[in-house]
Amino acid sequence: MSETPTKQNCYLLDTSVILDDPLHILRLYDNNENAVLINDIVLAELNNKKDDIRGDAGFRAREFFRFSDNEKGRTIEFCELPECVQKCAQINAKECDDKYYRLSVTFGNANLLDKQVGEDIPLYIIYRKSYEIEKTYRHEHGLNDAKIGEIAQDYHLTLLTNDISFKIASEVQGISTQSIRNSSVDRPDEIEFLKTYIYQGDTPKLENIEEHLNFEQITFVQEAGDDKSQIYETGIQKYALVNNSHLEWCDFDKRFGEFYNDNLVRPINLEQKFYFTVLTHPQNYITVVSGSTGSGKTLIALQAGLELLNEDIVEGIIYARNTVTANDQQSELGFRKGDEGQKLGYFMYPLYSAINFTIEHMTKRSIESQVEYTGNINSMKQETATESFMVKNNIEVMDIAHLRGTTISKKFVIIDEAQNLTAATLKLIGTRMGDETRLVVMGDPNQIDHPFLSKRRNALVALLQKAKTENYIAGVQLRHTIRSEIANWFDKNF
(Lines give C-alpha, C1' and ligand atoms only; values in the text may rest on other atoms or scores of the structure.)
Protein backbone atom coordinates (compact mmCIF):
# COMPACT_ATOMS: atom_id res chain seq x y z
CA MET A 1 0.00 0.00 0.00
CA SER A 2 1.09 3.59 -0.60
CA GLU A 3 2.28 5.59 2.39
CA THR A 4 0.50 8.76 1.28
CA PRO A 5 -1.57 10.44 4.01
CA THR A 6 -5.26 9.56 4.25
CA LYS A 7 -6.24 13.22 4.62
CA GLN A 8 -5.49 13.75 0.94
CA ASN A 9 -8.08 15.22 -1.38
CA CYS A 10 -8.37 13.43 -4.72
CA TYR A 11 -8.71 15.65 -7.80
CA LEU A 12 -9.55 14.62 -11.35
CA LEU A 13 -8.53 17.36 -13.79
CA ASP A 14 -10.48 18.31 -16.88
CA THR A 15 -8.52 19.42 -19.95
CA SER A 16 -9.59 23.04 -19.38
CA VAL A 17 -7.70 23.19 -16.09
CA ILE A 18 -4.37 22.19 -17.62
CA LEU A 19 -4.92 24.50 -20.60
CA ASP A 20 -5.50 27.31 -18.11
CA ASP A 21 -2.07 26.67 -16.56
CA PRO A 22 -0.10 23.38 -16.28
CA LEU A 23 1.28 24.67 -12.96
CA HIS A 24 -2.15 23.92 -11.47
CA ILE A 25 -0.87 20.36 -11.08
CA LEU A 26 1.83 21.68 -8.77
CA ARG A 27 -0.59 23.91 -6.90
CA LEU A 28 -3.05 21.10 -6.33
CA TYR A 29 -0.40 18.59 -5.29
CA ASP A 30 0.62 21.04 -2.54
CA ASN A 31 3.64 19.17 -1.21
CA ASN A 32 1.89 15.76 -1.21
CA GLU A 33 -1.22 17.08 0.51
CA ASN A 34 -3.43 15.96 -2.38
CA ALA A 35 -3.58 13.39 -5.19
CA VAL A 36 -3.91 14.60 -8.78
CA LEU A 37 -5.32 12.46 -11.60
CA ILE A 38 -6.41 12.67 -15.22
CA ASN A 39 -7.85 10.05 -17.55
CA ASP A 40 -6.92 8.95 -21.06
CA ILE A 41 -9.48 11.33 -22.60
CA VAL A 42 -7.72 14.39 -21.13
CA LEU A 43 -4.34 13.10 -22.29
CA ALA A 44 -5.67 12.61 -25.84
CA GLU A 45 -7.23 16.10 -25.92
CA LEU A 46 -3.95 17.65 -24.77
CA ASN A 47 -2.11 15.72 -27.46
CA ASN A 48 -4.49 17.06 -30.10
CA LYS A 49 -4.05 20.63 -28.87
CA LYS A 50 -0.25 20.71 -28.86
CA ASP A 51 -0.01 21.14 -32.65
CA ASP A 52 -1.86 24.46 -32.47
CA ILE A 53 1.14 26.78 -32.82
CA ARG A 54 -0.98 29.95 -33.06
CA GLY A 55 -3.09 29.70 -29.94
CA ASP A 56 -2.48 29.93 -26.22
CA ALA A 57 -4.15 26.54 -25.75
CA GLY A 58 -1.51 24.94 -27.97
CA PHE A 59 1.26 26.56 -25.97
CA ARG A 60 -0.22 25.29 -22.68
CA ALA A 61 -0.55 21.77 -24.06
CA ARG A 62 3.08 21.79 -25.20
CA GLU A 63 4.09 23.09 -21.76
CA PHE A 64 2.35 20.12 -20.15
CA PHE A 65 4.25 17.61 -22.28
CA ARG A 66 7.50 19.51 -21.74
CA PHE A 67 7.03 19.19 -17.97
CA SER A 68 6.22 15.48 -18.27
CA ASP A 69 9.20 13.18 -17.71
CA ASN A 70 8.52 10.04 -19.73
CA GLU A 71 11.73 8.43 -18.51
CA LYS A 72 10.33 8.20 -14.99
CA GLY A 73 6.80 7.15 -15.96
CA ARG A 74 5.58 3.59 -15.47
CA THR A 75 2.44 1.48 -15.40
CA ILE A 76 1.13 0.66 -11.93
CA GLU A 77 -1.49 -1.54 -10.28
CA PHE A 78 -4.63 -0.40 -8.46
CA CYS A 79 -2.90 -0.99 -5.13
CA GLU A 80 -0.24 1.59 -6.06
CA LEU A 81 -2.74 4.40 -6.49
CA PRO A 82 -2.86 7.00 -3.69
CA GLU A 83 -4.63 5.64 -0.64
CA CYS A 84 -7.40 8.24 -0.87
CA VAL A 85 -8.25 6.99 -4.37
CA GLN A 86 -8.34 3.37 -3.26
CA LYS A 87 -10.57 4.11 -0.30
CA CYS A 88 -13.04 6.27 -2.24
CA ALA A 89 -13.26 4.20 -5.43
CA GLN A 90 -16.75 2.85 -6.01
CA ILE A 91 -15.54 0.03 -8.24
CA ASN A 92 -14.19 -3.44 -7.58
CA ALA A 93 -10.51 -3.50 -8.48
CA LYS A 94 -10.57 -7.23 -9.28
CA GLU A 95 -13.43 -6.87 -11.76
CA CYS A 96 -12.33 -3.54 -13.24
CA ASP A 97 -10.52 -3.46 -16.59
CA ASP A 98 -9.07 0.00 -15.97
CA LYS A 99 -5.33 0.44 -16.36
CA TYR A 100 -3.15 2.91 -14.47
CA TYR A 101 -0.03 4.90 -15.19
CA ARG A 102 2.08 7.04 -12.89
CA LEU A 103 3.49 10.00 -14.84
CA SER A 104 6.26 12.07 -13.29
CA VAL A 105 5.83 15.81 -13.87
CA THR A 106 8.94 17.89 -13.29
CA PHE A 107 8.59 21.65 -12.81
CA GLY A 108 12.27 22.28 -12.09
CA ASN A 109 12.73 25.23 -9.76
CA ALA A 110 9.30 26.76 -10.36
CA ASN A 111 8.69 29.47 -7.79
CA LEU A 112 5.16 29.11 -6.49
CA LEU A 113 3.75 30.82 -3.43
CA ASP A 114 7.29 31.67 -2.27
CA LYS A 115 8.28 27.99 -2.31
CA GLN A 116 11.08 26.58 -4.42
CA VAL A 117 9.82 23.31 -5.84
CA GLY A 118 12.31 20.97 -7.44
CA GLU A 119 10.75 17.56 -6.81
CA ASP A 120 8.89 15.38 -9.27
CA ILE A 121 5.11 15.54 -8.95
CA PRO A 122 3.17 12.28 -9.48
CA LEU A 123 0.26 12.56 -11.91
CA TYR A 124 -1.89 9.43 -12.10
CA ILE A 125 -3.60 8.50 -15.38
CA ILE A 126 -6.63 6.22 -15.53
CA TYR A 127 -7.10 4.33 -18.80
CA ARG A 128 -10.48 2.84 -19.58
CA LYS A 129 -10.91 0.63 -22.61
CA SER A 130 -14.67 0.93 -22.84
CA TYR A 131 -16.84 3.59 -21.23
CA GLU A 132 -20.40 2.72 -20.18
CA ILE A 133 -21.65 6.15 -21.18
CA GLU A 134 -20.90 5.38 -24.84
CA LYS A 135 -23.78 2.89 -24.89
CA THR A 136 -26.43 5.45 -23.98
CA TYR A 137 -25.03 8.84 -24.96
CA ARG A 138 -27.09 10.45 -27.73
CA HIS A 139 -25.96 14.10 -27.82
CA GLU A 140 -23.91 15.46 -30.71
CA HIS A 141 -21.29 17.04 -28.43
CA GLY A 142 -19.92 16.45 -24.97
CA LEU A 143 -19.12 12.72 -25.08
CA ASN A 144 -15.55 13.30 -23.89
CA ASP A 145 -16.82 15.32 -20.94
CA ALA A 146 -19.24 12.54 -20.11
CA LYS A 147 -16.38 10.01 -20.10
CA ILE A 148 -14.35 12.19 -17.73
CA GLY A 149 -17.43 12.51 -15.52
CA GLU A 150 -17.83 8.72 -15.51
CA ILE A 151 -14.32 8.32 -14.09
CA ALA A 152 -14.96 11.01 -11.47
CA GLN A 153 -18.14 9.24 -10.42
CA ASP A 154 -16.71 5.71 -10.32
CA TYR A 155 -13.67 6.72 -8.28
CA HIS A 156 -15.52 9.31 -6.23
CA LEU A 157 -13.06 12.03 -7.21
CA THR A 158 -13.50 15.81 -7.04
CA LEU A 159 -13.77 17.00 -10.63
CA LEU A 160 -11.88 20.20 -11.44
CA THR A 161 -13.14 21.96 -14.56
CA ASN A 162 -13.34 25.53 -15.83
CA ASP A 163 -16.06 24.57 -18.32
CA ILE A 164 -19.28 25.93 -16.81
CA SER A 165 -21.60 23.65 -18.82
CA PHE A 166 -19.57 20.56 -17.85
CA LYS A 167 -19.54 21.72 -14.23
CA ILE A 168 -23.33 22.07 -14.13
CA ALA A 169 -23.94 18.74 -15.89
CA SER A 170 -21.62 16.99 -13.41
CA GLU A 171 -23.19 18.56 -10.33
CA VAL A 172 -26.64 17.47 -11.51
CA GLN A 173 -25.32 13.90 -11.45
CA GLY A 174 -24.02 14.32 -7.91
CA ILE A 175 -20.35 14.69 -8.86
CA SER A 176 -18.38 17.02 -6.61
CA THR A 177 -16.88 19.81 -8.76
CA GLN A 178 -14.61 22.81 -8.36
CA SER A 179 -12.99 25.38 -10.64
CA ILE A 180 -9.51 26.82 -10.58
CA ARG A 181 -8.13 29.74 -12.54
CA ASN A 182 -4.71 31.27 -12.22
CA SER A 183 -4.62 34.37 -14.40
CA SER A 184 -8.11 35.80 -13.89
CA VAL A 185 -8.18 39.12 -12.02
CA ASP A 186 -11.44 40.27 -10.49
CA ARG A 187 -12.33 43.95 -10.94
CA PRO A 188 -9.08 45.06 -12.65
CA ASP A 189 -10.49 48.60 -12.99
CA GLU A 190 -10.44 48.92 -9.20
CA ILE A 191 -6.72 48.23 -8.86
CA GLU A 192 -5.28 51.48 -7.53
CA PHE A 193 -1.78 52.79 -6.87
CA LEU A 194 -2.57 56.47 -6.29
CA LYS A 195 -3.90 57.19 -2.79
CA THR A 196 -5.07 60.40 -1.12
CA TYR A 197 -4.78 61.23 2.57
CA ILE A 198 -5.88 64.20 4.65
CA TYR A 199 -3.37 65.86 6.97
CA GLN A 200 -3.35 68.74 9.44
CA GLY A 201 -0.37 70.81 10.51
CA ASP A 202 2.70 71.57 8.45
CA THR A 203 4.17 68.10 7.86
CA PRO A 204 2.03 65.19 6.67
CA LYS A 205 2.61 61.77 8.15
CA LEU A 206 1.61 58.37 6.87
CA GLU A 207 0.48 55.88 9.47
CA ASN A 208 1.49 52.25 8.93
CA ILE A 209 3.80 53.12 6.06
CA GLU A 210 5.14 49.55 6.18
CA GLU A 211 1.83 48.42 4.66
CA HIS A 212 2.53 50.41 1.50
CA LEU A 213 4.56 48.97 -1.36
CA ASN A 214 7.38 50.69 -3.18
CA PHE A 215 6.41 53.30 -5.78
CA GLU A 216 2.85 53.78 -4.51
CA GLN A 217 1.84 57.36 -5.28
CA ILE A 218 0.56 59.44 -2.36
CA THR A 219 -1.29 62.77 -2.37
CA PHE A 220 -1.65 64.65 0.92
CA VAL A 221 -4.44 67.25 1.14
CA GLN A 222 -4.11 69.78 3.96
CA GLU A 223 -7.05 70.63 6.20
CA ALA A 224 -7.31 73.37 8.81
CA GLY A 225 -9.85 74.67 11.29
CA ASP A 226 -11.18 78.18 11.91
CA ASP A 227 -12.30 79.88 15.10
CA LYS A 228 -15.72 78.29 14.77
CA SER A 229 -14.21 74.78 14.69
CA GLN A 230 -15.11 74.37 11.06
CA ILE A 231 -12.75 72.21 8.99
CA TYR A 232 -11.81 73.29 5.48
CA GLU A 233 -9.26 72.39 2.84
CA THR A 234 -6.45 74.93 2.55
CA GLY A 235 -5.67 74.13 -1.08
CA ILE A 236 -2.17 72.99 -0.18
CA GLN A 237 -1.28 69.55 -1.51
CA LYS A 238 1.95 67.61 -1.15
CA TYR A 239 3.03 64.57 -3.13
CA ALA A 240 5.26 61.60 -2.36
CA LEU A 241 6.34 58.15 -3.49
CA VAL A 242 6.76 55.28 -1.06
CA ASN A 243 10.19 53.68 -1.22
CA ASN A 244 11.67 51.22 1.28
CA SER A 245 9.03 52.17 3.88
CA HIS A 246 9.87 55.86 3.60
CA LEU A 247 8.24 58.83 1.89
CA GLU A 248 10.15 60.41 -0.99
CA TRP A 249 8.73 63.88 -1.47
CA CYS A 250 7.96 65.01 -5.01
CA ASP A 251 8.26 68.73 -5.76
CA PHE A 252 6.52 68.66 -9.11
CA ASP A 253 6.78 72.46 -9.57
CA LYS A 254 10.56 72.22 -9.63
CA ARG A 255 10.76 68.76 -11.21
CA PHE A 256 8.72 69.82 -14.22
CA GLY A 257 9.74 73.48 -14.11
CA GLU A 258 13.32 74.61 -13.76
CA PHE A 259 14.71 71.05 -13.58
CA TYR A 260 12.97 69.75 -16.68
CA ASN A 261 14.49 69.48 -20.16
CA ASP A 262 12.58 72.02 -22.24
CA ASN A 263 13.03 69.86 -25.33
CA LEU A 264 10.82 67.19 -23.77
CA VAL A 265 7.03 67.31 -23.60
CA ARG A 266 5.93 68.08 -20.05
CA PRO A 267 3.40 65.89 -18.22
CA ILE A 268 0.24 67.96 -17.88
CA ASN A 269 -1.70 66.32 -15.04
CA LEU A 270 -0.96 64.71 -11.70
CA GLU A 271 -1.20 61.12 -13.01
CA GLN A 272 1.28 61.82 -15.79
CA LYS A 273 3.69 63.55 -13.38
CA PHE A 274 3.68 60.56 -11.06
CA TYR A 275 4.02 58.27 -14.10
CA PHE A 276 7.11 60.11 -15.38
CA THR A 277 8.63 60.21 -11.88
CA VAL A 278 8.13 56.46 -11.41
CA LEU A 279 9.59 55.65 -14.84
CA THR A 280 12.76 57.65 -14.13
CA HIS A 281 13.18 56.54 -10.51
CA PRO A 282 16.73 55.17 -10.10
CA GLN A 283 15.53 52.07 -8.25
CA ASN A 284 12.64 51.15 -10.55
CA TYR A 285 13.20 48.65 -13.36
CA ILE A 286 9.69 47.34 -14.12
CA THR A 287 6.60 49.49 -14.58
CA VAL A 288 3.11 48.37 -15.57
CA VAL A 289 0.67 51.06 -16.65
CA SER A 290 -2.99 50.86 -17.60
CA GLY A 291 -4.79 53.63 -19.42
CA SER A 292 -7.06 54.20 -22.37
CA THR A 293 -6.19 55.96 -25.62
CA GLY A 294 -5.37 59.59 -24.95
CA SER A 295 -4.11 59.09 -21.39
CA GLY A 296 -0.48 59.68 -22.40
CA LYS A 297 0.89 56.17 -21.88
CA THR A 298 3.21 56.13 -24.90
CA LEU A 299 3.99 59.87 -25.03
CA ILE A 300 5.15 60.12 -21.40
CA ALA A 301 7.02 56.82 -21.63
CA LEU A 302 8.90 58.18 -24.64
CA GLN A 303 9.81 61.37 -22.73
CA ALA A 304 11.06 59.30 -19.77
CA GLY A 305 13.12 57.13 -22.12
CA LEU A 306 14.64 60.21 -23.76
CA GLU A 307 15.62 61.65 -20.39
CA LEU A 308 17.23 58.39 -19.28
CA LEU A 309 19.02 58.29 -22.63
CA ASN A 310 20.30 61.87 -22.23
CA GLU A 311 21.61 60.99 -18.78
CA ASP A 312 23.40 57.87 -20.14
CA ILE A 313 21.35 55.61 -17.86
CA VAL A 314 20.23 53.64 -20.92
CA GLU A 315 21.77 53.34 -24.37
CA GLY A 316 18.62 53.22 -26.45
CA ILE A 317 14.84 52.83 -26.58
CA ILE A 318 13.01 49.77 -27.89
CA TYR A 319 9.29 49.84 -28.69
CA ALA A 320 7.61 46.47 -29.21
CA ARG A 321 4.07 45.24 -29.52
CA ASN A 322 2.28 42.10 -30.61
CA THR A 323 1.86 42.27 -34.37
CA VAL A 324 -0.58 39.34 -34.50
CA THR A 325 -4.19 40.46 -34.25
CA ALA A 326 -5.95 37.15 -33.81
CA ASN A 327 -9.22 38.32 -35.37
CA ASP A 328 -7.63 39.53 -38.61
CA GLN A 329 -5.15 37.21 -40.30
CA GLN A 330 -4.53 39.76 -43.05
CA SER A 331 -3.02 42.17 -40.51
CA GLU A 332 -0.21 39.80 -39.62
CA LEU A 333 3.31 40.67 -40.77
CA GLY A 334 3.43 37.93 -43.39
CA PHE A 335 0.40 39.36 -45.19
CA ARG A 336 1.64 42.97 -45.26
CA LYS A 337 3.53 44.49 -48.18
CA GLY A 338 7.13 45.62 -47.93
CA ASP A 339 10.19 44.59 -45.98
CA GLU A 340 10.21 43.89 -42.23
CA GLY A 341 10.62 47.56 -41.32
CA GLN A 342 7.73 48.62 -43.52
CA LYS A 343 5.54 45.81 -42.19
CA LEU A 344 6.30 46.76 -38.62
CA GLY A 345 5.44 50.36 -39.43
CA TYR A 346 1.77 49.47 -39.75
CA PHE A 347 1.73 48.54 -36.06
CA MET A 348 3.91 51.32 -34.66
CA TYR A 349 1.60 54.32 -35.10
CA PRO A 350 1.34 55.03 -31.34
CA LEU A 351 5.12 55.42 -31.15
CA TYR A 352 5.33 57.47 -34.35
CA SER A 353 2.54 59.72 -33.11
CA ALA A 354 4.40 60.30 -29.84
CA ILE A 355 7.64 61.00 -31.76
CA ASN A 356 5.94 63.45 -34.11
CA PHE A 357 4.33 65.25 -31.17
CA THR A 358 7.77 65.51 -29.56
CA ILE A 359 9.32 66.76 -32.81
CA GLU A 360 6.64 69.45 -33.17
CA HIS A 361 7.30 70.50 -29.57
CA MET A 362 11.01 70.78 -30.38
CA THR A 363 10.25 72.68 -33.58
CA LYS A 364 8.57 75.46 -31.66
CA ARG A 365 11.71 75.85 -29.57
CA SER A 366 14.24 75.37 -32.32
CA ILE A 367 16.15 78.49 -33.39
CA GLU A 368 17.32 76.99 -36.66
CA SER A 369 15.00 74.87 -38.80
CA GLN A 370 16.55 71.42 -39.07
CA VAL A 371 15.27 68.31 -40.77
CA GLU A 372 15.03 66.39 -37.53
CA TYR A 373 12.95 69.16 -35.97
CA THR A 374 10.42 69.62 -38.75
CA GLY A 375 7.80 66.96 -39.15
CA ASN A 376 4.80 69.14 -39.91
CA ILE A 377 5.60 70.70 -43.30
CA ASN A 378 4.52 67.78 -45.48
CA SER A 379 4.29 64.03 -45.25
CA MET A 380 7.65 63.42 -46.93
CA LYS A 381 9.56 65.69 -44.54
CA GLN A 382 7.57 64.31 -41.62
CA GLU A 383 8.65 60.78 -42.47
CA THR A 384 12.27 61.93 -42.85
CA ALA A 385 12.11 63.78 -39.54
CA THR A 386 10.73 60.74 -37.73
CA GLU A 387 13.42 58.45 -39.14
CA SER A 388 16.15 60.95 -38.31
CA PHE A 389 14.81 61.38 -34.76
CA MET A 390 14.78 57.61 -34.23
CA VAL A 391 18.35 57.22 -35.49
CA LYS A 392 19.63 60.11 -33.39
CA ASN A 393 18.02 58.75 -30.21
CA ASN A 394 18.72 55.08 -30.96
CA ILE A 395 15.03 54.13 -31.03
CA GLU A 396 14.21 50.69 -32.42
CA VAL A 397 10.90 49.03 -33.22
CA MET A 398 10.58 45.30 -32.79
CA ASP A 399 8.08 42.50 -33.19
CA ILE A 400 7.60 40.73 -29.85
CA ALA A 401 8.00 37.40 -31.63
CA HIS A 402 11.60 38.38 -32.41
CA LEU A 403 12.50 38.79 -28.73
CA ARG A 404 12.89 35.03 -28.40
CA GLY A 405 16.55 34.05 -28.15
CA THR A 406 17.79 37.62 -27.61
CA THR A 407 19.06 39.48 -24.54
CA ILE A 408 18.39 43.22 -24.30
CA SER A 409 20.76 45.09 -22.01
CA LYS A 410 20.83 48.73 -20.86
CA LYS A 411 17.78 49.72 -22.90
CA PHE A 412 14.46 51.39 -22.13
CA VAL A 413 11.94 48.83 -23.40
CA ILE A 414 8.30 49.79 -24.04
CA ILE A 415 5.84 46.90 -24.50
CA ASP A 416 2.54 48.21 -25.85
CA GLU A 417 -0.90 46.56 -26.16
CA ALA A 418 -0.08 44.16 -23.31
CA GLN A 419 -3.79 43.42 -22.84
CA ASN A 420 -3.46 41.27 -25.98
CA LEU A 421 -0.57 39.26 -24.57
CA THR A 422 -0.79 35.98 -22.69
CA ALA A 423 1.08 35.48 -19.44
CA ALA A 424 3.36 33.07 -21.29
CA THR A 425 4.33 35.73 -23.83
CA LEU A 426 4.95 38.26 -21.06
CA LYS A 427 7.22 35.74 -19.36
CA LEU A 428 9.11 35.37 -22.64
CA ILE A 429 9.58 39.13 -22.77
CA GLY A 430 10.66 39.45 -19.15
CA THR A 431 13.25 36.71 -19.42
CA ARG A 432 14.87 38.52 -22.38
CA MET A 433 15.70 41.60 -20.29
CA GLY A 434 19.41 41.97 -19.46
CA ASP A 435 21.40 44.09 -17.03
CA GLU A 436 20.40 47.73 -16.48
CA THR A 437 17.38 47.45 -18.77
CA ARG A 438 14.15 49.17 -17.76
CA LEU A 439 10.86 47.62 -18.84
CA VAL A 440 7.53 49.40 -19.28
CA VAL A 441 4.47 47.24 -19.92
CA MET A 442 1.39 49.19 -20.98
CA GLY A 443 -2.08 48.70 -22.36
CA ASP A 444 -5.81 49.15 -21.97
CA PRO A 445 -7.75 46.17 -20.54
CA ASN A 446 -10.92 47.50 -22.20
CA GLN A 447 -9.44 46.95 -25.68
CA ILE A 448 -9.13 43.17 -25.96
CA ASP A 449 -8.65 41.79 -29.49
CA HIS A 450 -7.38 38.31 -28.60
CA PRO A 451 -9.96 35.47 -28.78
CA PHE A 452 -8.39 33.55 -25.86
CA LEU A 453 -8.15 36.53 -23.52
CA SER A 454 -10.61 38.75 -21.67
CA LYS A 455 -10.68 41.93 -19.59
CA ARG A 456 -9.99 39.87 -16.46
CA ARG A 457 -7.53 37.46 -17.99
CA ASN A 458 -4.53 38.86 -19.85
CA ALA A 459 -0.88 39.69 -19.21
CA LEU A 460 -1.57 43.35 -18.45
CA VAL A 461 -4.03 42.80 -15.58
CA ALA A 462 -1.97 39.88 -14.29
CA LEU A 463 1.03 42.18 -13.96
CA LEU A 464 -1.11 44.94 -12.43
CA GLN A 465 -2.24 42.42 -9.82
CA LYS A 466 1.40 41.47 -9.20
CA ALA A 467 2.25 45.14 -8.65
CA LYS A 468 -0.27 45.19 -5.79
CA THR A 469 1.78 42.61 -3.87
CA GLU A 470 5.36 42.96 -5.18
CA ASN A 471 7.80 45.71 -4.20
CA TYR A 472 9.83 45.07 -7.35
CA ILE A 473 7.11 46.26 -9.75
CA ALA A 474 5.73 49.79 -10.01
CA GLY A 475 2.08 50.11 -11.02
CA VAL A 476 0.34 53.15 -12.52
CA GLN A 477 -3.29 53.68 -13.52
CA LEU A 478 -3.92 56.59 -15.92
CA ARG A 479 -7.62 57.37 -15.67
CA HIS A 480 -7.63 60.89 -17.09
CA THR A 481 -7.81 61.04 -20.88
CA ILE A 482 -7.27 64.02 -23.17
CA ARG A 483 -8.99 63.35 -26.46
CA SER A 484 -11.94 64.27 -28.64
CA GLU A 485 -15.56 64.20 -27.54
CA ILE A 486 -16.21 61.55 -30.21
CA ALA A 487 -13.55 59.24 -28.75
CA ASN A 488 -14.87 59.79 -25.23
CA TRP A 489 -18.42 58.98 -26.34
CA PHE A 490 -17.40 55.68 -27.97
CA ASP A 491 -15.27 54.72 -24.95
CA LYS A 492 -18.23 55.21 -22.58
CA ASN A 493 -20.99 53.79 -24.74
CA PHE A 494 -19.46 50.71 -26.40
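Predicted model: local features only at pLDDT ≥ 70, side-chain atom pairs only at ≥ 80, totals over all residues.

Biologist: OK, what's the phi of H156?
Modeller: It's positive, about 55 degrees, although H156 is not a glycine. Most residues other than glycine have a negative phi.

Biologist: And is H156 buried, partly exposed or exposed?
Modeller: H156 is partly exposed, because its relative accessible area is 49% and the exposed class takes values over 50%.

Biologist: Which other residue has a positive phi without being a glycine?
Modeller: D312 does, with a phi of about 60 degrees. You'll find D312 in the loop between α10 (297-310) and β15 (317-321). With a relative accessible area of 59%, D312 counts as exposed.

Biologist: Switching topic: how do α3 and α4 cross?
Modeller: The axes of α3 (residues 40-49) and α4 (residues 56-67) come within 8 Å and cross at roughly 120 degrees. So α3 is oblique to α4. The crossing is left-handed.

Biologist: Which residues meet there?
Modeller: From α3 you have L43, L46, N47 and K49. On the α4 side they meet A57, G58, A61, F64 and F65.

Biologist: How many of those are nonpolar, polar and charged?
Modeller: The contact of α3 with α4 has six nonpolar residues, two polar and one charged.

Definitions and conventions: Residues numbered from 1 in each chain as written. Heavy atoms only, no water. Axes fitted to C-alpha atoms, helices over the stretch in contact; angles between N-to-C directions. Helix = DSSP H or I, 4+ residues; strand = E, 2+ residues; numbered from the N terminus. Parallel < 35°, antiparallel > 145°, perpendicular 65-115°, else oblique. Left-handed = near helix turned anticlockwise from the far one by under 90°. Contact = heavy atoms within 4.5 Å. Nonpolar A, V, L, I, M, F, W, Y, C, P; charged D, E, K, R; others polar. Buried < 20%, exposed > 50% of the residue type's maximum accessible area, 1.4 Å probe, protein only.
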